[in-house]
Amino acid sequence: MAANVATPTRPKVSTNVRAAKSRIGDAATAARISREIEGEVRFDAFSRGRYSTDASHYQIEPIGVVIPKTDADIARVIDIAADEGLPVLPRGAGTSQCGQTVGEAIVVDVSRHLNQMVEFDPDSRRIVVQPGMVLDHLNAFLAPHKLLFPVDVSTSSRATIGGMTGNNSCGARSIHYGTMRDNVRAVDAIMADGQAFHFGELPADLAGLNPAFQAVAGQLLDIGARERAEIAASFPDLMRRVGGYNIDALVAEGRNTPVNLAHLLVGSEGTLALSTKIELDLSPVPSHKVLGICHFPTFHQAMQSTRHIVTLGPKAVELVDSTMINLARDIPMFRATVDRFVQGEPGAILLVEFSGEDPDDLLRRMKDLVAMMADLGFPGGVVEAIDPGFQKAVWEVRKSGLNIMMSMKGDGKPISFIEDCAVRLEDLADYTARLTDIFEKHGTSGTWYAHASVGCLHVRPIVNLKQQAGADTMRAIAEEAFEIVREYKGSHSGEHGDGLVRSEFHEAMFGRRMVDTFQEVKTALDPAGMFNPGKIVNPPKMDDRSLFRFKPGYAAPLSDTGFDWSSWGGFGGAVEMCNNNGACRKFDAGVMCPSFRATGEERHLTRGRANTLRLALSGQLGPDAFTSDDMFNTMKLCVGCKGCLRECPTGVDMAKMKSEFLYHYTKRHGLKLRDRLVAFLPRYASFAARFSGLMNLRDTVPGLAALSEKLLGFSARRTLPVWRRDIFHSETPAVGPVDGPEVVFLVDTFNRYFEPENARAAVNVLVAAGYRVHLPAATSGDRPLCCGRTFLAAGLIDEAKAEAARALEALAPFAARGVPVVGLEPSCLFTFRNEMTAMLPGDAAEKLSDRAMLFEEFIAAERDAGRLTLELAPIPYKKALLHGHCHQKAFAVMGAVESTLSMIPDLDVEVIQSSCCGMAGAFGYEADNYDISMKMAEADLLPAIRDADSNTVIVADGTSCRHQIKDGADRNAVSVARLLESALKG
């Protein structure tokens, strides 16, 4: 990292930026910045709206957004802002829970471009990174070196190092590794006057520093020396004290412990300087871990036991209460894991982790834990998780604690305003009991979870902040809670920082003199108050509803919806389920969110879309914003993967929301011919198939592909699906043994007209297994049944309802008898499981939803139940490389797909760890989507396919997935049904 050197300095800014006239969306400022930096400048209303919120309950519209590409960009933005008297607010992932990253300022988003490793020295266990580096990405880089950055926050998949530094983040294992302050060695930062300083350990003699930094350092050291006694008297003696500025860092603890000014910037929430590089200390990765899940009949007993358990030397002791357990059980992604590690109906559990290099020692510690639990009166109360995979699954539930809590439907939500309080372990049980009494006094309750090991439990009372009464309740609870914290000599801000919600209470917690000292530090480093005003010093009232996401008069109505959204209280209620915690920003696990992974832009993120929908519905983006072209462009790259339906713990189903949006948008703007051709495919396919030769000329006659792109928008770089003359057709309504167990096989449009061999293979396998296979037809007319998926993709929900009604009429009698309804194409089949009940709510649709199964689901379930008789032989391939369709992942059936493939003797099955293939139905065929489509595919899927040898068969159940694999890697992928058919004996 750079040493402190003299840099050009402009005159000190005297403008009071907090008093500057509002210049939100100022076009002149945007134009000036655009001319002078390499990065992007977003001052439009939609971009401002997307950056007006974080994971708190606050919403403040910024002046504009800048996404810098270089450190020079940051310096120039600061220079321009100072010249024009405008504040600057640095932002990473935007997951702050206290409102740190919202404000009327120029928001500088470092997450998209400034996210690289700068220097790495594995021998000294240190690394220098840019502030936008994501924690999980950092640890993935360090893993081959058997090192890690140990501040393991639950938002590690998206939390940036810059944000963690500004917040003084802690994590589950802080009892062993400490906080960010304990792990940050140095920070390079740009000051309000444009100078670049290196904040690190100060030498004994400051004379060697450049004069400007020497003056600042001397002033700060003078403050530390003067306030030494006040610091000792006012600051609680707890590790989890992150409130205010770390001015105790200005006090030398001894001759051999130099002052490190980086520790002053840690926890400063971007109010003192804007970091450009951060130097971190690293730790070795423990070779072994064991996890004990301790069960307690009551929450209070868990709290009483924590101080005893920590004497065993665990690396983590994390709480999960009964409310969170029950909410997690209602979330499909977590249900199986929770059922595995939770015994019965405990009032609370503690996750107790031991780690180290000696596995035998860890097992001994686990035995000690079991013995201690018995001594405490809870024999048999420990579930032992020794398997790393099991441990990881348990921790994923815990890490999703916030989102699990926020999955509650309705206007009342668990609100973050007292959740960070920390007390000594000996006071923990009494503190939580008294706080629970306060909740009951105010007619609410709280969900408890997190860091029992250090006395810092996250608790969020359920409050309706859409009403003034809710805001009044929030303040009353906060004041009473902090009074108890003071009584216990605890910390009112133990992990998530101060922001807008807790800064107001610094005087009550620390005293007037300490608050004045905070202001003195702020003035020393940022005399004009440019950086992130209103945080830590000079804050507004925490219950000022004009700063809330749901301001007075807020409403988000939408009448005449295409889907039934009543279980959310309407479409607006469903959109409001997004709590902005940003789980959709992850890059390297699961499916969600493929468009964000390809672009890195907030607007192409589930969170960004949900926020934009909410703002548009509530009129905050202007009249008719909901059906505007700006809204269309926000929703355009949503590929309908439904990854968010499963992986967003609050259940935001952006694919369904996109269909609802398009339903209203197309009513206003109409439908393009290309979209109409795709949407109405099921209605003209039977006619078009008669002229398959003519229909296929587009990809055989030179020039026609280019013409189709010009006229219709289908990419000339894509081949289109090949129409077949030998379409799937059955002369009889059922095949197979008359006395065999019944199953309905529903053939979708794509496998009927483009790949009929898949449908024939599935029927052959089912018949070979002894099933009576019903091939249903519409009760009237000769057109085949359809799920309506192509209409939903275009927003033609009324047309989709008509198709769904035809299908329901034909299939309801089977479903009522309990006959499984089986299909091949995941997106079609799962329409019956998801959208069907929202299109045609009622008992018949619910029964069909319950009976609809993917082909592999049915095969695996029948085998597990001992009802499947299917003789299979080895095939020429020894390995199957499996790509899961997004909807297979979203509806948690990949295990069934793997299980079905594993029935083939001597076949090794490997799943490609990938997100969306990029085709997503018709998405990848569109010319203006082609590059994004291929970028999605190249992230993981296509490289894995290219690496596969000729003895490996590529398996994919999605028709568009198979097309992408052929286009991108020139390999033919087959469906599971065809592979099973090839393995049939005889």
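A crossing counts as left-handed if the near helix is turned anticlockwise from the far one by less than a right angle, and right-handed if clockwise. Helices (H or I, at least four residues) and strands (E, at least two) are DSSP runs, numbered from the N terminus. This is a predicted model, with local features shown at pLDDT of at least 70 and side-chain atom pairs at pLDDT 80 or more, while totals for chains, interfaces and linings use all residues. Residues are numbered from 1 along each chain as its sequence is written, and side-chain values use heavy atoms, leaving out hydrogens and water.

**View 1. Helices α32 and α38 cross left-handed.** Here α32 (residues 756-768) packs on α38 (residues 855-864) at about 15°, and the axes are 12 Å apart. Axes are lines fitted to C-alpha atoms, for helices over the stretch in contact, with angles from 0 to 180 degrees between N-to-C directions. That makes α32 and α38 roughly parallel (angles under 35 degrees; over 145 is roughly antiparallel, 65 to 115 roughly perpendicular and the rest oblique). On the α32 side look for A762, V765 and L766, which meet F855, F858 and I859 of α38; contact means heavy atoms within 4.5 Å. Sorted by class, the contact of α32 with α38 has six nonpolar residues, no polar and no charged. Ala, Val, Leu, Ile, Met, Phe, Trp, Tyr, Cys and Pro count as nonpolar, Asp, Glu, Lys and Arg as charged, and the others, Gly among them, as polar.

**View 2. Helices α40 and α44 are roughly parallel to each other.** The axes of α40 (residues 894-901) and α44 (residues 976-983) come within 10 Å and cross at roughly 20°. The crossing of α40 past α44 is left-handed. V897, T900 and L901 of α40 make the contact with V976, L979 and L980 of α44.

**View 3. Helix α17 runs from residue 468 to 487.** Its 20 residues should span 28 Å at 1.5 Å a residue, and the end C-alpha atoms sit 29 Å apart, which agrees; the expected span is 1.5 Å times one less than the number of residues. Among the buried residues of α17 are M474, R475, I477, A478 and F482. Buried means under 20% relative accessible area, exposed over 50%, and partly exposed in between (1.4 Å probe, protein chains only). The buried residues of α17 pack against α16 (425-441), β18 (456-463), α18 (499-502) and α19 (506-510). Over in helix α16 sits T436, partly exposed at 24% relative accessibility.

**View 4. The loop between α21 (571-575) and α22 (594-599) holds C593.** A cis peptide bond joins M592 and C593, with omega about -5°. N580 lies in the loop between α21 and α22 too, and phi of N580 is positive, near 70°, in a residue other than glycine. At 0% relative accessibility, N580 counts as buried.

**View 5. D906 sits in the loop between α40 and β25 (908-911).** Phi of D906 is near 65°, again positive in a residue other than glycine. D906 counts as exposed, at 55% relative accessibility.

**View 6. D123 is found in the loop between β5 (117-121) and β6 (126-129).** With 75% relative accessibility, D123 counts as exposed. D123 and A807 are 684 residues apart in sequence and 65 Å apart in space, C-alpha to C-alpha.
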